[in-house]
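User: I'm new to reading protein models. Could you walk me through one, step by step?

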Amino acid sequence: MIVVMKHNAAEEDVARVTDKLEQMGYGVHLSSGENRTIIGVIGQRREEAAQTLEAMPQVEQVVFITRPFKLAGREFHPDNTVIPIGEDSVGGHELIVMAGPCAIEGEEQLMEAASAVKEAGAQVFRAGAYKPRTSPYSFQGLEQEGLQILEKVRSETGLQIVTEVMDQFTVNEVAECADIIQVGARNMQNYYLLRELGKIRKPVLLKRGLSATIEEWLMAAEYILSGGNYQVILCERGIRTFEPYTRNTLDLSAVPLVKHLSHLPVIVDPSHGTGHAHLVPAMSKAALAAGADGLMIEVHPNPEEALSDGPQSLDPGQFRELIKELKGVALSVGRLM
Ligand code: PEP
Ligand code: MN
C-alpha cells in the first residue's frame, strides 16, 4: 500500500507516519514529489493498519496497490524518474544516446568506435567485455582485459560507459569501470544477479528478456528497486516471435505501455531488436516517436569485420547521418537531443 500525505504535510508529519509504520513492522520507501510526499509501504496488506494510518494527522489517503510491481509502478511514484548520467540524464526532457560496438575486440577498434560515436553526439559508449553468446564456439569477449581497455576509453574520451555484467560474482569488478551496468536479455530473470544489483548505487540498464512479458520485466526491475537501488533504466530490445526475417520483433508498443505503468525511463535498442543495420534508422525514429527516453545503437568502425553482431551494426558514417535525422524527430515530439 501507499500513504499519500496532504499537500501541506511537514517533515515531522511524514516522520510520525514512517515511525509508526516501522513500529508496525513495515518497510518504508519515501518519495517526495513536487507537490506531495508519498510513502511506499512494503509488507503484508492489512486493513486495520490502513485505518490507523488514515487517522494520523496530514495523511490524505491510504491506497492499496493492486499491481504486483509496487516500487516500479506509477501508482506509487507518479512523477517520471530522472536518472543523472554524467552531465546528462535519462527520463527527463533530454534524450540519451548510447552507442558503440557489440564487443570490445581490442584497443584500436574500441578507440576508433568511441571517438566516432562521441563526434556524432552520443553521450554514452557501449561495448561488452563479457559477452553472452548463443554458441560456445563464438568469440566470448575479452573479459577483464576488455574492462581495462574500456577504462582507458573512458578516461581519454570522457564518455560515460555502459557494459554488461553476466553474473553476481563480477558485479563489483564491472561496477568499477562502468557508469551504467547492463543486464542482458538472457539474464533478465537471473534473480541472484538482480539482488546483487539492488545493493549497489549505480544505474542499471535492464534489458527485456527474450520472451518476457511486460509484467515479468517490471518484476525484474522490482528486484533491483526493492534492494534500495532506484536507478533502473528499462531497455526494449525485441522479443522472440515466429517471424524469421528479423532477429527479434521490436515491440514498440511496450514503450508507451511501460511508461503508462511505470515511472522508470525506457530506452530502445533497434540493433538487437531487428538484427539488420538497414532497419535501424527507421526503428530508431519510430522509437523516439513512441516516447522512448533514448536509444542504444550498435556502431562498429568496420561492421564486416566485427567479431559479433556485425550485420546489425552501423558504420560511423551511417550513425552520424542517423543522429542528424533523429534531432528533427526529437524536436517534433518536444524532446531535446
Ligand atoms: C548486447 O547488448 O550486446 C546484447 C547481448 O544484448 P541483448 O542482451 O539484448 O541480447
Ligand atoms: Mn550485440
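Analyst: Happy to! Let's begin with burial: a residue is called buried under 20% relative accessible area, exposed over 50%, and partly exposed in between (1.4 Å probe, protein chains only). Here His272 has 8% relative accessibility, so His272 counts as buried. Glu298, at 0%, is buried too. This is a predicted model, where local features need pLDDT of at least 70, side-chain atom pairs count only at pLDDT 80 or more, and totals for chains, interfaces and linings use all residues. Residues are numbered from 1 along each chain as its sequence is written, chains are lettered from A and ligands numbered from 1 in the order in which they are written, and side-chain values use heavy atoms, leaving out hydrogens and water.

User: Which residues coordinate the manganese ion (ligand 2)?

Analyst: Donors are N, O and S atoms within 2.8 Å of the metal (3.2 Å for Na, K and Ca); water is not among the atoms, so sites may look incomplete. In this model, Cys102 (SG), His272 (NE2), Glu298 (OE) and Asp309 (OD) coordinate the manganese ion at 2.0 to 2.4 Å. Because His272 sits in helix H9 (residues 270–274) and Glu298 in strand E14 (residues 294–298), the pair ties together parts 26 residues apart in sequence. Helices (H or I, at least four residues) and strands (E, at least two) are DSSP runs, numbered from the N terminus.

User: Which polar side-chain atoms lie by an oxygen atom of ligand 1?

Analyst: A polar contact pairs N or O atoms within 3.5 Å; within protein, one must be able to donate a hydrogen and the other to accept it, and residues adjacent in sequence count only if both atoms are side-chain atoms. For ligand 1, one such atom belongs to Arg237, at 2.6 Å from a ligand oxygen, and another to His272, at 3.2 Å.
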